[in-house]
Protein chains: 4
Amino acid sequence: LRQPLPENLHARYRAIRNQTLRLVGPLQKEDFVVQPIVDVSPPKWHLAHTTWFFETFVLVSNATDYNLFDKSFPYLFNSYYISAGDRWSRADRGNLTRPSVDEVFAYREYVDEAMEKLILEADLTSEQLHVIEVGFHHEQQHQELLLYDIKYIFGHNPTFPVYKGDSENEDKLPVIAIKWLPIKKGNYHIGHEGDFFCFDNELRRHEVHLEGFEIANRLVTNGEYLDFMKSGGYSDHSFWLSDGWDWIQSNKLECPLYWFEEDGEWKMFGLSGLKKLNINEPVAHVSYYEADAYAKWAGLRLPTEFEWEMAAMEYGTESLSSGNFVDDHLMRPKAGESLDFFGNLWEWTASAYLPYPYYQAPPGALGEYNGKFMINQMVLRGGSYATPQSHIRPTYRNFFQPNMRWLFNGIRLARFI
Amino acid sequence: LRQPLPENLHARYRAIRNQTLRLVGPLQKEDFVVQPIVDVSPPKWHLAHTTWFFETFVLVSNATDYNLFDKSFPYLFNSYYISAGDRWSRADRGNLTRPSVDEVFAYREYVDEAMEKLILEADLTSEQLHVIEVGFHHEQQHQELLLYDIKYIFGHNPTFPVYKGDSENEDKLPVIAIKWLPIKKGNYHIGHEGDFFCFDNELRRHEVHLEGFEIANRLVTNGEYLDFMKSGGYSDHSFWLSDGWDWIQSNKLECPLYWFEEDGEWKMFGLSGLKKLNINEPVAHVSYYEADAYAKWAGLRLPTEFEWEMAAMEYGTESLSSGNFVDDHLMRPKAGESLDFFGNLWEWTASAYLPYPYYQAPPGALGEYNGKFMINQMVLRGGSYATPQSHIRPTYRNFFQPNMRWLFNGIRLARFI
Amino acid sequence: LRQPLPENLHARYRAIRNQTLRLVGPLQKEDFVVQPIVDVSPPKWHLAHTTWFFETFVLVSNATDYNLFDKSFPYLFNSYYISAGDRWSRADRGNLTRPSVDEVFAYREYVDEAMEKLILEADLTSEQLHVIEVGFHHEQQHQELLLYDIKYIFGHNPTFPVYKGDSENEDKLPVIAIKWLPIKKGNYHIGHEGDFFCFDNELRRHEVHLEGFEIANRLVTNGEYLDFMKSGGYSDHSFWLSDGWDWIQSNKLECPLYWFEEDGEWKMFGLSGLKKLNINEPVAHVSYYEADAYAKWAGLRLPTEFEWEMAAMEYGTESLSSGNFVDDHLMRPKAGESLDFFGNLWEWTASAYLPYPYYQAPPGALGEYNGKFMINQMVLRGGSYATPQSHIRPTYRNFFQPNMRWLFNGIRLARFI
Amino acid sequence: LRQPLPENLHARYRAIRNQTLRLVGPLQKEDFVVQPIVDVSPPKWHLAHTTWFFETFVLVSNATDYNLFDKSFPYLFNSYYISAGDRWSRADRGNLTRPSVDEVFAYREYVDEAMEKLILEADLTSEQLHVIEVGFHHEQQHQELLLYDIKYIFGHNPTFPVYKGDSENEDKLPVIAIKWLPIKKGNYHIGHEGDFFCFDNELRRHEVHLEGFEIANRLVTNGEYLDFMKSGGYSDHSFWLSDGWDWIQSNKLECPLYWFEEDGEWKMFGLSGLKKLNINEPVAHVSYYEADAYAKWAGLRLPTEFEWEMAAMEYGTESLSSGNFVDDHLMRPKAGESLDFFGNLWEWTASAYLPYPYYQAPPGALGEYNGKFMINQMVLRGGSYATPQSHIRPTYRNFFQPNMRWLFNGIRLARFI
């Protein structure tokens, strides 16, 4: 990792920490507290947990004169780091009305002060710099989760609160035609290289062999997905993985999350409230099972994460800067985009989340960050409209269980040549 | 029912409604929202539901010019009145961050204004007066539940928030000796009579035959219950009902709710926080299973609700005015009391909650108030320190499933002569 | 208890033990093994468990030279007697293919030989005689359960096996008109007295006061129950206890157990196979919830167990000998009966299963026989077509949870005068 | 597929069908019926289901004059082929005492007669031949499952029945030293080719790139696994995948399936009964989670399925004929083996079960055979002592969820060079 100037590190710290606060700006205090399903954490918890991360792995580890803000907080705000000590049960995060939102804000200020002092005044080792860098990316990941969770909380409230009013000019852009972008059969290199930050799961860069394939230039739209639904997609088992079929049966699912049919008309809940379904927008909030079933119905398939990475490098790098990221504060997927490999919506790949060759989890608590989740999950690539632009990379691997739908994800199709 | 003067009715309305607000005074906004278990409703919900009760059964039914405060509220705040229309799922009350606490307060004000106008200006029928009276008692029941739920929320928070600071002079009174109060074998009349309000489940007044028995002059204390625990009460099946034994095994229970052992010392959580166990205080927060097991261990038994009613009429009526009620704002059970049949702690009886002879549920939604719950529950009698004094009667029947422990209840023993 | 002659005791022992074997006569070996729900035990288990009862409580306790048939059997065939040692999990009884049916039969022979020797040769104490008597009644209870369980196993097999072919002349008798049998208001004595055997739960005989009431002379018929169903009984919450309503919703219940609708026609599974519903037969296999809902729909109610006992003593004693018992081997409820208080079908009462005054569970393992189940169950009275005639008494109290339906029970209605 | 001579096809049919009967030879009728967990099917069910497969996909599809043996059997014995019509619930297979074992045997004979006639007399199309071939392999797979299920049924019976007595000379062979077999970095071809049978999931043969690696010449032994246990392997989270850690916690697992500790000594249940743990035998009945944790504890890893296939082709082909297969009727893993890539125990690989490039599920019901299970499972390779020798191939892909342990599987380790 390259050594940053203290003032630059300090500026990044403040920017990232402030961005978290900006995201919870529209919330009322009540919104900070609840946990409607175990996957959704209370917004308050995200604010405290990201703070705990810096406190625990930077301040407590390094600053000899640091005093904990509150002795109960490590217990309350550790997520899943067994090495870092006992934790409050994840499923019960939504039962904790205290510490209050104000106390959590005070906690952030207290830790920020100590962190900023450390960054500006201490002579940080490269190990310390690395952990701070991880803390930045960690907080950015939670910024994204915050938006997932806020959307879930609001989207499951029958009054459908609005997080952010939308401008009038919703995308009326026509859907562009699908074009197939080819990648030739051959050996390719996959994974991170260079001296910029990456997570351990992007390593070790290695060679893979790919068959020749083509990938779509854009995501599947709501209108296209509606065609799948109308043609009986949810009632024809032949498109579905067995687990997925059982899952839609037992949960009585017939449409993506946040879709509602009222009097024969489809509506969709977004951060700007409940609105008429925009058929031009890319479809979001579908599980891997649904994405895979859609692809099979269309006679196509999802790309592997390796195919995706190669295609994104070849065709999509412009969207690394031009994509729809949280920085734009659009807060919804953008219709009419082409080659938006980065931003807009995460894209399910047909790859299970498994270690790359030579993968080694780091020692200590941070070794629990990624490696221990490498089972029963599928990889997503590319980032979403809730991802900070500075957070994403072509080699970035996101991962969720195949039945998860509250993330901001969509579908990109592929086929062999 | 005797016809009250409008101004007296108005004064009662305001007093009862204000009392609810007084009880939530110590809460922070975050405390109003959560539902840690399905039995515990968010405090905000109680505030809105009691308001919905007046709105639905008085204002909407009677006042032709009344406009709903919010069209979604009847759906959100109906509890279990199937006749009154669809309801939001009980288990999901704690997921609703909106309407906010402020909106719920505004809802209360809006309905209060309409109710007070109706009370003062309308020529109320006796049916209307009855429903308003039910509304008063309904709100008082929820005031008590509010305190159960607040205690549960605070008592399951590892920071153990304080609801109300306790005065220094905690009861140091010595425990009085048990005296056995006799009632002769014979026929007795049970149930409500007279033109004062009662719930339908207290009717019809009827004759029962009782064997001669004796009942204890006071409740079982924490110290006595600790003896039961120390002598292996939780590990000797012979004291336990089969369902109770299975229940303590599968929930790994070894003490009452809110008891915590730290370094060999027992502590107890109360509305004034986590404190050293007061062995002189009456034991609280035991299930029917535990109460029954304790009684068997002691070679005694719980009284039936009929025995209790007769004994309370004979020996306990003074506590109808002198008892430890919510009006005193002590907010904990009182030690050293004798003959406190009323107030302090509800008392489990050995009677299943079943209809009295000739019982008839009233027509309409209010018919769902009591009758449909007459199965799988046990009767408790006498009220608690969370009960308004004006709410309790000797014939009052409270009821809970035998595994419930978050209510404010204790144990009174009996034996045959 | 009166002292029987050894040869009479021996004759009874053989008769009762042989009757168990007679009941499993129609089974194939495969039928002996399975446990489709936790409440249904494998027939093989009943055969072994009743044998274990004699082995444990008579032979092991008394005969100093008795050797266990197999050291693993006490562990395998103890049901719920915690005092008698560890047990194989009840829910896993249906996983045990071994010991085989043949081994269980051999076990019965081995224990029978020892028991018969003891009965004929030993000088039995009155305590021993009592335990043997309990063993008789215990085996008779399991004979009845055997038939419940066989019916369940066969009735949940899509091939609907026949246990016993029915004669051609099925009851074509017209349904007799309901007559209301009155009992006057007053004090009555309830519970067992005399020197014949009874279970502990029938004691102590005591006085109760009853309001004047009337009870139906016959059970509700399938035709009458069908009227309830057709008039929307299962979809109108106002007839239902809250727990019952939730239970029929979550289990999607719309008719009694073993009823099947095929092409608009109702069929019913019985021990003689799947047949057209006989509308004249008394309705069976309804839960307490359904019985209670039916009664409310009819504007009536279920009798209490005290009312039932008094009415049965007054009007029904003839059926103690003439009733439809297992001895007749009819193996189905009989239509067209009047005053059949005993036999035919157990009758739900509106009484919770609770101890009588002065009830005391016996010491030791047999104290677990009845007392520990006195919670969350409702009392049934009168016996069924699966009950041995010599097993029933007017004071006999049967009990099941209110959602149980696989027992052989029906509905008798009552009303206050 | 090459066209076989009718008489050879007929001989294979008889041999495979007879082998199924041979495997159930030691069972008593009771053993055929039960289903202790949903994954374990009753032996009777396997016998009928494999017969249904031929009946449905060969006889009903092709033989115009074929009459079903029993109209209810297709409903009862279809497993998961949604395209083939409605099915009896999988979880309730163990509740069906009928059809009896004798009827199932008669069913087999009836179908065998029709099949043998068809094979000998009809002019089969290549499509028909293919389906028959699938039927052979299908029956062989169920032969293996039969043994898993019999072992489970016997191994969960506290009397530990013996399936097959073991000869005296249990393996006393010393464990051979681990040798590391190298494979060079490079591109390799994976998947089936040629005109012999393979399952669809082994296609399409394709190129992969592998890093250089080494693989162990033998499986991990019980003794080595015991070292892992003794050194705290089950209580140190750092070796475990997060899902695996949660799984061992909530199931309180501390050793492989079928291991029992008695008085400080480890025993192991096998098809020859409960015996002292043989530390030289390869460890079996570990989940993927345990296999992966063991590998991490050892500082090594599991091979991918591609690595495994290349290594097996390079080093293990001799065991294709010399391996420990069901044909040898040893009925337990063999100790002291080297290079036994085939037979003995299936080997967990680090590969998720996913489609190969260009994979296409066949049309119709047989398309449900493999493809729809390609999610949430891990690949195993190589076969076991319950696998018929004629069933296995180097490209054969077996697959199970990572928490499954009742299969006959072990652990082979790998490492990068």
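Does C:Asp340 count as buried or exposed, and at what relative accessibility?

A: C:Asp340 counts as buried, at 4% relative accessibility, where buried means under 20% relative accessible area, exposed over 50% and partly exposed in between, with a 1.4 Å probe and protein chains only. The model is a predicted one, in which local features need pLDDT of at least 70 and side-chain atom pairs count only at pLDDT 80 or more, while totals for chains, interfaces and linings use all residues. Residues are numbered from 1 along each chain as its sequence is written, chains are lettered from A and ligands numbered from 1 in the order in which they are written, and side-chain values use heavy atoms, with hydrogens and water left out.

The side chain of C:Asp340 meets that of C:Arg412 in a salt bridge, with 3.5 Å from N to O; the term stands for a side-chain nitrogen of Lys or Arg within 4 Å of a carboxyl oxygen of Asp or Glu. This pair links distant parts of the chain, 72 residues apart, since C:Asp340 sits in the loop between helix H10 (319-322) and strand S8 (346-352) of chain C, and C:Arg412 in the loop between strand S11 (409-410) and strand S12 (414-416). Helices (H or I, at least four residues) and strands (E, at least two) are DSSP runs, numbered from the N terminus. C:Arg412 counts as buried too, at 0% relative accessibility.

Other salt bridges can be set beside this one, from the 96 that the structure holds over all chains. In chain D, D:Glu224 pairs with D:Arg218, the closest N and O atoms being 2.8 Å apart, and D:Arg218 counts as buried at 5% relative accessibility. In chain A, salt bridges that share partners join A:Arg17, A:Arg108, A:Asp112 and A:Glu139 into one network. The salt bridge of A:Lys117 with A:Glu121 has its closest N and O atoms 3.7 Å apart; the two residues are separated by about one helical turn, because they are four residues apart in helix H4 (residues 101-121) of chain A. Here A:Lys117 is partly exposed at 47% relative accessibility, whereas A:Glu121 is exposed at 59%.

A buried side chain may also reach the backbone. A:Glu307, in helix H9 (residues 305-315) of chain A, is buried at 3% relative accessibility, and its side chain reaches the backbone nitrogen of A:Thr304 at 2.9 Å. Leaving aside neighbours within four places in sequence, A:Glu307 is in contact (heavy atoms within 4.5 Å) with A:Leu210, A:Phe213, A:Arg301 and A:Phe416. B:Ser351 lies in strand S8 (residues 346-352) of chain B and is buried, with a relative accessible area of 6%; its side chain reaches the backbone nitrogen of B:Glu305 at 2.8 Å. With neighbours within four places in sequence again left aside, the residues in contact with B:Ser351 include B:Thr304, B:Gln377 and, from another chain, C:Leu354.

Chain C itself meets chain D in a contact that takes 28 residues from each of the two chains. Together they bury about 2,200 Å², 58% of it on carbon and sulfur atoms, buried area being the accessible area (1.4 Å probe) that two parts lose on being put together, summed over both. C:Glu30, C:Thr97 and C:Arg98 supply 31% of the area that chain C buries against chain D, more than any other three residues. The rule finds two salt bridges across this interface, and D:Arg98 forms a salt bridge with C:Asp31, the closest N and O atoms being 2.5 Å apart. The elements that give two or more residues to the side of chain C that touches chain D are helix H3 (73-77), helix H4 (101-121) and helix H5 (126-155) of chain C.

As for the arrangement of the chains, chain A and chain C do not touch, their nearest C-alpha atoms being 14 Å apart. Likewise, no contact joins chain B and chain D, whose closest C-alpha atoms lie 14 Å apart.

Definitions and conventions. A polar contact is a pair of N or O atoms within 3.5 Å; within protein, one must be able to donate a hydrogen and the other to accept it, and residues adjacent in sequence count only if both atoms are side-chain atoms.
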